[in-house]
Amino acid sequence: MINGILNIYKEPGFTSHDVVAKLRGILGQKKIGHTGTLDPDATGVLPVCLGNATKLCDFLTDQTKTYETRMLLGMETDTYDTSGVMLTSKGAEGITEEAVREAILSFIPGYDQVPPMYSAKKVNGKKLYELARAGIEVERKSVFVKLTSIEITAIDLPHVSFTVTCSKGTYIRSLIHDIGEKLKCGAVMEQLRRIKSGVFGIEDSLTLDAIEELMQNDRLEERLVKTDEALSVYRAVHAGKSADKYLQNGNLLKRDAVEDADDVNDGEVFRMYDANGRFIGLYAYESGQFKPRKMFL
């Protein structure tokens, strides 16, 4: 079985589930999971976990993400993008570049966002897009989303391009819809490309065709990211040899059992390695002890 993470470039027309299904055929294994849904028309970075690295899916999904997007001012649709049914068409006459910049940047550092009806988010066990397709609209609870930065890259009214770095669960379509409401003219998303997800960047991503070619030439290992490498945002610590049996059994470790446990803080999460340098899992330091959070043995 192949273990590790592949940085896939999702092309337009595929759902995230389509990517997983195609990879199962290319790689010949079933244990594969993706780390964050992208709309079919969206493109860009989609880290995919293989084998024991599927335990990482939740951790990687939680990572900060960066998107490039383009919005169109002056209209609204039911899906908040150009693929949906037109609801209003007001035009963007009278909207100034200054007003656009002010409206966009006002959403930093974050706000309470209502997810769109056309999304995979579940309410009472039902995916919102399934309800939307049945003509049912339900009340959605707002969720605070953090917008670390927004860079406006081009304004050619009624089109505006910008790059946004945001927290897990941020819907760029909803952000654009909300910008349109603030400007009182409406807005929809024209394009979306994810250029970064956690430590994975678009410059290192691979199409499915490229993955297939690597597999055929027995070179997949060259582009496979090891499980612990994907967790490089967490500091590494190494347990002493006397702690091996505790690591194997998933037990707590006292601070003095870890050789490089200097300057640690309560609540901090670490990559734990055994005395031979083998990656064991993620451990959180609490009250003088290292507690296992996720094991990868």
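## Charge and overall build

The chain carries 38 positive and 43 negative side chains, and the centres of these two sets are 7 Å apart. Here Lys and Arg count as positive and Asp and Glu as negative, leaving out His and the chain ends; each charge is placed at NZ of Lys, CZ of Arg, CG of Asp or CD of Glu.

This is a predicted model, where local features need pLDDT of at least 70 and side-chain atom pairs count only at pLDDT 80 or more, while totals for chains, interfaces and linings use all residues. Residues are numbered from 1 along each chain as its sequence is written, and side-chain values use heavy atoms, without hydrogens and water.

You will find 7 helices and 18 strands in the chain, taken as DSSP runs (H or I, at least four residues, for helices; E, at least two, for strands) numbered from the N terminus. The C-alpha trace spans about 70 × 45 × 40 Å along its principal axes.

## Thr 165, a buried strand residue

Thr 165 sits in strand S11 (residues 159-166). Thr 165 counts as buried because its relative accessible area is 17%, and buried means under 20%, exposed over 50% and partly exposed in between (1.4 Å probe, protein chains only).

Beyond its neighbours within four places in sequence, Thr 165 has contacts that include Thr 64, Lys 65, Thr 66 and Lys 146; a contact means heavy atoms within 4.5 Å. Arg 194 is 29 residues from Thr 165 in sequence, with 9.8 Å between their C-alpha atoms.

## Glu 259, out in a loop

Glu 259 lies in the loop between strand S15 (253-254) and strand S16 (269-273). Its relative accessibility is 61%, so Glu 259 counts as exposed.
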